[in-house]
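Good morning, and thank you for joining.

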Amino acid sequence: MAGVVRPDSKVLGVVVLVRHGDRSSFYQNAADYTPANTIITPLGNVQEYLLGQNLRSIYLTSNSSSFISTINSDVVDHDQILVRADGGGEGGVIFNSAVSLLQGLFPPTLNYDMTLANGTTIVGPMGGYQSVPIESVEPDNDISLEGWTDCNAFSKATKAFYNSDVFKAKASENTDFLQSLRPYLDDRPITFENMWNIFDYMNVQSLHNKTFLDSLPPTYLAQARHLANFHQYGVFSSVQPNGIGNIAGQTTLPSILEGVQRIGSSSDPLNFVYQAVSYKPFISLFNITQAAEMNPELAGIVNYAAAMVFEVRESDSGGEPVIRFNFKNGTEDSFRTYNFMSSTDDIPLSTFVNTLEPFGFDDLPTWCNVCGNTEDRGCAELVAAASRASQAARLESKPAISAVGAGFIGAGVTIVVLFAMLGVFTFLGLLTVGFGKRKAKRGKYGYDTDSTEKS
Ligand SMILES: *[C@@H]1O[C@H](CO)[C@@H](O)[C@H](O)[C@H]1NC(C)=O
Ligand SMILES: *[C@@H]1O[C@H](CO)[C@@H](O)[C@H](O)[C@H]1NC(C)=O
Ligand SMILES: *[C@@H]1O[C@H](CO)[C@@H](O)[C@H](O)[C@H]1NC(C)=O
Ligand SMILES: *[C@@H]1O[C@H](CO)[C@@H](O)[C@H](O)[C@H]1NC(C)=O
């Protein structure tokens with residue numbers, strides 16, 4: 001297996017992305033990836049807890065070669081760690097995974113104590129259990145960790161992938177295998193479009209249901225996984241780094257870039273950024289960073305509790321910090337360093353940021369525009385606010401003001417009206433002429449959702 005060895009250098013901090021742990025069954029619509037609810041299992045809690053311990057042994061333990069020496073590894077310093085968890089698609093599974101991981105990362109300590117006003121000393125519960133603040137990133141008011149849901153352009157690209165020759169060829173090559181799964185799928189629809197749900201059902205049952213495990217022929221799960229890997233890499237990646245298929249990675253990128261920059265800045269106390277997510281940002285980020293191109297085994301669905309780590313390290317030459325990319329494919333795997341971004345070496349921080357920045361966005365107006373959505377996730381409010389602004393400006397533009405002031409104020413109001421209206425029109429996609437520069441830029445970055453994109 002791949003994985004390269006590079007010389008040790010001082011680790012300043014890390015940005016970590018982690019998939020949630022084992023959960024109960026989960027269904028997502030194969031057309032637009034609208035999720036259904038599910039819950040974490042004790043196994044899921046254990047997987048995340050073990051990963052937290054593993055990360056602790058690497059980055060928070062003083063005799064480790066990758067120890068982050070400035071971090072307080074005993075009692076959590078809230079300025080040094082930033083935790084965000086996708087609070088959407090899989091119910092509480094991702095948030096609860098973060099809770100378990102943090103229990104392993106910062107175990108109870110008797111130093112988590114205080115002396116009260118009345119003189120009594122008190123230690124946190126369960127022998128000094130400390131709670132680390134977790135920001136729950138709710139898809140309804142923050143698109144950053146779940147950019148793909150309600151995204152019409154994404155659904156359109158998914159449909160184009162399902163209609164592509166490469167998809168159809170794969171489907172027909174595997175018709176017999178899919179039909180042979182019928183007795184095991186409890187009447188689930190057997191189509192290649194539904195491959196993720198087929199695989200996930202088999203995976204969940206194989207882990208939780210002895211009758212199922214005993215009846216399933218030994219190679220079937222691996223075969224189904226192989227097909228689901230092809231399917232999901234196609235759905236959640238794109239020929240262009242900022243093509244719409246990569247939206248799960250694009251909207252996650254700004255938080256990663258901000259994290260490594262803050263860690264690299266000597267005046268910022270932040271050392272540890274941890275984002276709890278689903279498998280989708282992994283796929284897009286492997287594609288956007290060329291990690292999958294340089295390590296083809298990465299082009300697939302990561303296991304539960306898989307983790308990618310962007311290490312911010314001091315450079316050997318004394319220059320700016322560098323980024324090293326590590327990945328661990330779930331509980332049974334170990335962290336390994338992978339080449340990415342067309343390089344077999346660590347990437348200078350500024351190169352990392354400057355190369356990836358054009359592909360990322362996490363602001364709502366851009367999202368509504370790129371996804372072609374005027375209704376959901378705050379887009380309706382944005383459209384309404386923009387139209388209110390232009391209406392108000394229009395009313396204000398015929399005020400009863402004396403002639404002297406009118407010219408002055410009038411000029412100002414006109415500009416405001418113009419900007420407001422341009423904003424509304426470009427936002428609604430109504431303005432088709434005169435924006436040569438912007439159009440060219442969008443074209444270059446591949447935001448167009450041309451249906452041939454994936455084929
Ligand atoms: C001090 O206050 C704490 C919290 O209210 C209480 O548990 C403890 O019994 C008090 N100690 C004394 C000596 O009153
Ligand atoms: C366990 O698997 C068997 C065999 O596929 C199936 O009939 C049964 O419904 C499954 N049980 C549950 C709880 O899903
Ligand atoms: C990203 O994925 C697409 C398939 O959707 C593929 O054509 C492209 O080559 C991949 N890009 C890289 C850099 O691996
Ligand atoms: C993770 O491991 C599974 C098998 O356990 C494999 O099918 C998958 O391709 C691997 N994913 C990555 C991204 O390495």
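The shell around ligand 4 comprises five nonpolar, three polar and two charged residues; here Ala, Val, Leu, Ile, Met, Phe, Trp, Tyr, Cys and Pro count as nonpolar, Asp, Glu, Lys and Arg as charged, and the others, Gly among them, as polar. This is a predicted model, in which local features need pLDDT of at least 70 and side-chain atom pairs pLDDT 80 or more, while totals for chains, interfaces and linings use all residues. Residues are numbered from 1 along each chain as its sequence is written, chains are lettered from A and ligands numbered from 1 in the order written, and side-chain values use heavy atoms, without hydrogens and water.

Which residues surround ligand 4? They are Arg225, Asn229, Phe286, Glu297, Leu298, Ile301, Val302, Asn303, Phe327 and Asn329, each having a heavy atom within 4 Å of the ligand.

Next, the polar contacts, meaning pairs of N or O atoms within 3.5 Å. A polar side-chain atom of Asn329 is 2.3 Å from an oxygen atom of ligand 4, and the side chain of Asn229 places an N or O atom 3.2 Å from an oxygen atom of this ligand. A polar backbone atom of Ile301 lies 3.4 Å from a nitrogen atom of ligand 4. The protein buries 73% of the 360 Å² that ligand 4 exposes when taken alone, with areas from the Shrake-Rupley method and a 1.4 Å probe.

I turn to ligand 2, which is surrounded by Gln205, Asn209 and Phe212. Asn209 has a side-chain N or O atom 2.3 Å from an oxygen atom of ligand 2, and for Gln205 a polar side-chain atom lies 3.4 Å from an oxygen atom of ligand 2. Ligand 2 taken alone exposes 360 Å², of which the protein buries 43%.

Methods: A polar contact is a pair of N or O atoms within 3.5 Å; within protein, one must be able to donate a hydrogen and the other to accept it, and residues adjacent in sequence count only if both atoms are side-chain atoms.
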